[in-house]
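Hi,

Here is the structure you were waiting for. Please open it alongside this email; my notes follow below.

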Amino acid sequence: MSRLPIRLEKSVYIAASASAAGKNEKEGPLGDCFDLTSDDDRFGQDTWEKAESEMQRLALDAALGKAGYGQDSLDAVFAGDLLNQCVASNYGLMSFGIPFFGLYGACSTAAESLILASLLCGAGAKRCAAVTSSHFCSAERQFRFPLEYGGQRTPTAQWTVTAAGAFVLTDDREDVRTDASVKAIPRIAAVMPGIVTDRGIDDLSNMGAAMAPAAADTLTRYFSAGADPGEFDLIVTGDLGREGAEILRDLIASTGRDIRRNHVDCGLLIYDCDGTDRHAGGSGCGCSAAVMASNILSNVRAGVLKRVLFVGTGALMSPLTVNQKGTIPGIAHLCDITGEVTK
Amino acid sequence: MNTDNKTYKKYAAGRAKKSPILKNCASAFASGGAICAAGHGLRRLFIYAGLSDDNAGMLTSSALILIAVLLTGFGVFDTVAKHTGAGTLVPITGFANAVASSAIDSRTEGLVPGIGAKIFTVAGPVLVWGISAGAVWGIVYFLVGAVFMKGGT
């Protein structure tokens, strides 16, 4: 039973979402979709870590503004990032004074926080928020090399996205502010927590291959429980990149299902990967958070997308354990989002 | 695809696009060669200016280090190095960049826990094993000398 999807008995709606993003992301194909951007990736701060915190603060502030909610009205916020001790979240959201849960799910945190926030909303809380961020400069220093270090990347390497996404959830449809442009309200219909999956990948530059089997596992479990890939307008994975996305399609095809028609990956949507330094695409938990909070959910609200399967994918990578000859496990959390047509 | 981990790993490695080795080697050869030629030019210049061979060599290394550090500070080095690869990494310029970039990165954590502790994060292994190898070679050199060239040198 524990491996089955959790269908939310009580409807939980995404009242509003907002995003903040850096320079490269602003110059990418989705550049116009983000609510706030910074031309120097610093967001007016003197350290990269503070810049990431500020992105989270701005994103949640913007989402609350769009929903028309006061910060005092939130029962809890679930937030995460890639930094040790989740500092970007702790410091970034401290000023709101909202009961806080810090999460680490590597790049799956956007989906993980959405799942937990929706479950809490369905279990008695009225309004909750989910916030996630990653910053190229703070992540690069923690996980890889100094920023100015002159090295070469392999073609399968991905580029950590500088962005944050915030979602404000409510258990009451009447609590969602709408206007004429809103044709549908995004509702979280079902969720499915991921299982840590390790297929032995140990290449730090090939996260896509580490995450794809986890995404395939979660999707296959979800489809086996009674959903058909064709039911969804879009199956959105977090940050598999070019390599991982192609592996995922192969893995799903081997189970006799086809997601080629409707599968997109946030890591490939956020950058124009050809002819740039992005190689296999974007990564980092801010990638799927910002793409979902901006482009995807806007299209759900506009009635363009009626049903979206969001699968946040994470490579649970630690440079320490990889140096100890360890492997890189992956995880993938799923949210089934339906646009509920407004009256 | 219900394969075992070994098969999956092989499949993933097999389908992964490889780095363009020939192109990388060619650009490393050209850029590395150009840096060394420029270094040689500098050395000739220093000798022409009246410096001894030893001092000219030392000043050439220092000049290349200074240039690499300045380019790192101005954010130019990494932009060039992603094309030149080993061409900028192998000469003394790569070492200078590894040290300078670590120092720049950790300056927000202060002089001691930041720059002091992190400056050799990238270059440290080269120092540790380079110096160790030098020491081992020194012992070998001493022993060989003691055995084969008694009373020599």
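Predicted model: local features only at pLDDT ≥ 70, side-chain atom pairs only at ≥ 80, totals over all residues.

Read from the N terminus, its elements run α-α-α-α-α-α-α-α.

The dimensions of chain B deserve a look. Its C-alpha trace spans about 70 × 50 × 40 Å along the principal axes. The radius of gyration is 22 Å, while a compact globule of 153 residues would be near 15 Å. Burial comes next: 21% of the 153 residues of chain B count as buried. As for contacts, take those in chain B with a separation of 6 or more. Residues 24 or more positions apart make up 54% of them.

Now chain A. It splits into two domains: domain 1 covers 6–173 and domain 2 covers 182–341. Their C-alpha centres are 17 Å apart. The contact between them draws 53 residues from domain 1 of chain A and 58 residues from domain 2 of chain A.

Which elements of chain A give two or more residues to the domain 1 side of that contact? They are these:

- strands β1 (6–21), β5 (127–134), β6 (159–160) and β7 (163–170)
- helices α4 (109–122) and α5 (136–143)

The largest share of that side comes from β1(A), with 11 residues. By residue class, the domain 1 side that touches domain 2 of chain A has 29 nonpolar, 18 polar and 6 charged residues.

Is Leu64(A) buried or exposed? It is buried, because 23 other C-beta atoms lie within 10 Å, and the cut-off for buried is 20 or more.

What does Leu64(A) touch, leaving aside residues up to four places away in sequence? Its contacts are Tyr69(A), Gln71(A) and Val168(A).

One distance for your notes: Gly31(A) is 33 residues from Leu64(A) along the chain, and their C-alpha atoms are separated by 22 Å.

That is what I have on both chains. Over to you.

Best wishes

Key: Residues numbered from 1 in each chain as written. Chains lettered and ligands numbered in written order. Buried ≥ 20, exposed ≤ 12 C-beta atoms within 10 Å, placed from the backbone. Contact = placed C-beta atoms within 7 Å. Domains from an automatic or database assignment. Helix = DSSP H or I, 4+ residues; strand = E, 2+ residues; numbered from the N terminus. Nonpolar A, V, L, I, M, F, W, Y, C, P; charged D, E, K, R; others polar. Rg over C-alpha atoms; globule rule 2.2 N^0.38 Å.
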